Protein chains: 2
Amino acid sequence: MGLPEPKRPKGPLTIYDVASRAGVSIASVSRVLNGQGSPRAATRDRVLQAVRELGFVPDGAARALSNGLKEVVGVVFRRGDETPFPDEDESFLFIDVIYRGIDLAARRQGFDVLMGSVGFNDGNVEARVAAVGGKADGLILHDRMIPATSITRLASLVPVVTLAGTPVPGAMNVRCDNDEGMRQLVRHLVLDHGYNELGYLSGRIDSPDNHARAKAIEAEAKAHGAQVAIGHDWQGDYSAAGGARVISGLLESGRKLPRAIVCANDQTALGVMHALGRRGLRVPQDVAVTGFDDVPVARHLHPPLTTVRQPMQELGAMAFAVLYSKISTGRGDSDVVLPVQLIVRESCGCAAAENGR
Amino acid sequence: MGLPEPKRPKGPLTIYDVASRAGVSIASVSRVLNGQGSPRAATRDRVLQAVRELGFVPDGAARALSNGLKEVVGVVFRRGDETPFPDEDESFLFIDVIYRGIDLAARRQGFDVLMGSVGFNDGNVEARVAAVGGKADGLILHDRMIPATSITRLASLVPVVTLAGTPVPGAMNVRCDNDEGMRQLVRHLVLDHGYNELGYLSGRIDSPDNHARAKAIEAEAKAHGAQVAIGHDWQGDYSAAGGARVISGLLESGRKLPRAIVCANDQTALGVMHALGRRGLRVPQDVAVTGFDDVPVARHLHPPLTTVRQPMQELGAMAFAVLYSKISTGRGDSDVVLPVQLIVRESCGCAAAENGR
DNA sequence: CCCGGTCTTGTAAGCGCTTACCGGTAAGCG
DNA sequence: CGCTTACCGGTAAGCGCTTACAAGACCGGG
């Protein structure tokens with residue numbers, strides 16, 4: 001008000017509009033907006049006033065270009081494909097919890113999170129990852145979506161943190177202690193329950209996490225004299241459908257199931273329990289089942305699922321923390337391992353203790 | 001190779017580096033990268049070669065600034081707070097499905113999704129929303145996080161789609177047909193089951209969706225001569241904890257529960273069922289319970305939850321579609337209503353039909 | 001062999017913002 | 001009262017990329 005004509009120059013509101021409206025230079029506007037320098041109170045007020053009146057919001061791209069900080073972390077995960085199995089609704093729980101951890105941590109530093117998911121069968125994954133990288137200050141990548149060499153190369157351009165994988169040269173890594181978790185679980189099954197026949201229903205064959213878990217169960221079972229069925233017939237894919245498929249296959253071929261089935265993750269366990277239930281087999285009386293992850297629904301299954309809790313939210317938060325440190329100070333830990341925790345519920349054969357809440 | 005010294009100029013790789021490496025101008029590089037013009041095959045190859053060797057990825061900010069398109073949609077939701085109740089783990093399921101819909105649709109247009117969540121108690125929500133808006137080409141906002149006038153103002157700067165709210169001047173809106181869904185549900189309860197006493201365990205009081213649902217249940221119940229308990233004593237907040245709290249309160253004050261409890265959403269129903277179970281009340285024999293949303297876990301509850309399915313993924317996809325249309329063509333529908341579907345399972349009293357699979 | 005037309009490539013002008021640098025003004029001091 | 005010292009605030013130079021414009025290369029016809 002007072003000024004002749006604000007006359008929004010049509011084009012989307014820039015700092016120049018604010019400056020002329022407030023009768024100062026664009027530099028002053030910028031300074032007020034960013035709290036740099038020490039503008040006189042009068043100046044500051046006029047600028048703020050103009051900003052308010054105009055409803056001005058600075059353009060992130062220009063800002064980023066100018067000061068070299070986008071305040072954006074890119075996160076690329078694999079999602080289920082566009083047409084998931086009917087059972088698969090919950091297949092993204094795992095990554096969503098991680099997202100949440102990242103989001104919370106990022107928010108605290110004024111960063112936003114750019115999601116760039118890819119399907120399992122998408123082509124040009126590298127291109128997608130690169131595109132996200134170009135829009136962000138740093139990248140958090142799930143497992144092995146692209147070859148290690150590509151990750152290394154990418155990492156020379158923009159800081160990269162891989163999640164739940166094995167460290168890659170140049171990139172940083174954050175993961176959970178799969179090995180220890182699986183070992184605890186096996187000890188509980190073998191030592192506390194006395195099961196000496198286990199089966200390991202695996203995850204995707206190309207997953208480092210899956211390898212680590214398989215290795216651990218074999219080693220620990222052996223150490224305590226228990227058998228473990230594993231291998232091609234026991235090949236799942238981290239999905240509920242996959243777990244159900246394996247069990248059905250085993251049962252149909254007349255195979256005898258081991259006393260306890262250790263699943264690569266909770267979703268698989270969910271599928272297994274469904275398949276078992278359909279065949280009239282009781283969990284845990286006939287067959288014990290365990291998961292891995294401790295996804296939120298795990299406690300709501302019947303029976304509640306015994307599993308290994310990965311601190312997924314912290315995993316995400318830690319990934320961001322490491323990345324942020326790299327972005328702001330230029331250095332960050334290259335391999336962080338987070339502890340896991342055995343969660344004993346009922347699906348292993350333990351009696352109901354403290355159900356739900 | 002061949003050229004004297006690539007000598008990465010330390011600073012992070014720009015189009016100039018690529019150009020000099022390939023022995024062409026930056027314009028040519030840009031053209032090759034964006035498929036503009038018709039570069040000679042030899043030129044194209046040299047550029048691509050250089051890009052590959054250097055591992056160049058163009059800077060998104062610069063690109064955005066230059067051509068006025070960031071290829072980013074901002075999405076701001078309310079999340080639970082940083083220290084959720086133990087029960088609340090699944091409280092974000094709802095929005096995650098929507099995210100997924102947005103993500104899928106966005107990906108198809110080469111857009112990425114920028115998440116900017118805010119907690120229920122966060123201050124300066126408007127500032128956060130604005131910040132996200134500044135980094136994106138368009139904004140998808142959940143419900144009413146900020147006053148309508150703010151939304152309107154924001155919408156003059158950048159296209160805005162609100163979700164599941166009521167349309168706001170200037171912004172576009174996409175929502176589900178709450179009214180029809182609730183009416184179908186009530187008809188099922190009253191007409192098919194003969195329940196004539198219902199209770200409506202509401203959502204957050206400031207939510208338009210909650211209002212719409214409350215209105216609908218009252219109207220439809222009245223139309224069929226059923227009573228419905230509603231109001232202060234029945235005030236939930238969309239959370240499981242809230243649902244449980246209300247039920248406990250009611251029971252402790254010695255109140256008699258209606259025959260059927262209609263919850264504002266599935267999470268609330270989950271809490272209600274827990275609370276009921278703890279008091280030894282059976283669902284649906286003693287009290288019927290219904291939800292709203294059809295969250296993935298709904299089918300895994302015991303008994304499986306009768307609810308109203310909102311096509312949440314499509315909701316997200318539609319939101320993006322509308323926004324994209326606005327961004328690219330300058331116009332988009334201002335109020336899209338998506339149909340809902342009554343999902344009858346067992347918590348209403350119906351017999352087990354086709355359980356989960 | 002020269003000239004006009006085509007096709008390719010280079011030059012340079014921004015996109016909106018931050019910030020180094022410098023001139024101008026007001027305050028401080030002898 | 002005049003000069004030094006701070007302090008503000010303005011001017012302008014980029015940040016890395018796209019693209020309009022123009023210059024150069026190359027072709028064929030006359």
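Let's start where the two chains pair up strand to strand: in β3(B), the bridge partner of Val113(A) is Met115(B). Please keep in mind that this is a predicted model. Around that bridge, β3(A) and strand β3 (residues 112-115) of chain B run antiparallel, with three bridges between them.

Chain A puts 44 residues into it, and chain B puts in 44 residues. On the chain A side, the elements that contribute two or more residues are α4, α5 (93-108), β3 (112-115) and α6 (125-134). Which of them gives the most? That is α4(A), with five residues. If you sort this side of chain A by class, you get 21 nonpolar, ten polar and 13 charged residues.

How are the two copies related?

On to the DNA. There are 30 residues around DNA strand C, and those that come nearest are Ile15(A), Ala27(A), Ser30(A), Ser25(B) and Ala27(B). Both chains supply elements with two or more residues here: α2 (26-34) and α4 (60-67) of chain A, and α2 (26-34) and α4 (60-67) of chain B. The largest share, six residues, comes from α2(A). By class, this surface divides into 13 nonpolar, 13 polar and four charged residues.

Let me step back to the layout of chain A. The domain assignment gives domain 1 (15-58), domain 2 (72-177 + 312-339) and domain 3 (178-310). Taken over C-alpha atoms, the centres of domain 1 and domain 3 of chain A are 62 Å apart.

Last stop, a sheet in chain A. Four strands form an open, parallel sheet in the order β9-β8-β10-β11. At the edges sit β9 (227-229) and β11 (288-290), each pairing on one side only. From one strand to the next, the twist averages 25°. Inside the sheet, strand β8 (residues 197-201) and strand β10 (residues 260-263) of chain A pair in parallel over four bridges. One pair to look for is Leu198(A), whose bridge partner in β10(A) is Ala260(A). And lying across β8, β9 and β10 of chain A is helix α9 (residues 208-223), which runs at about 170° to β8(A). Thanks, everyone!

Notes: Residues are numbered from 1 along each chain as its sequence is written. Chains are lettered from A and ligands numbered from 1 in the order in which they are written. This is a predicted model: local features need pLDDT of at least 70, side-chain atom pairs count only at pLDDT 80 or more; totals for chains, interfaces and linings use all residues. A residue is near a molecule or strand if its C-beta atom, placed from the backbone, lies within 6 Å of it. Ala, Val, Leu, Ile, Met, Phe, Trp, Tyr, Cys and Pro count as nonpolar, Asp, Glu, Lys and Arg as charged, and the others, Gly among them, as polar. Domain bounds come from an automatic or database domain assignment. Two residues are in contact if their C-beta atoms, placed from the backbone, lie within 7 Å. Two strands pair if DSSP finds at least two bridges between them. Axes are lines fitted to C-alpha atoms, for helices over the stretch in contact, and angles run from 0 to 180 degrees between N-to-C directions.
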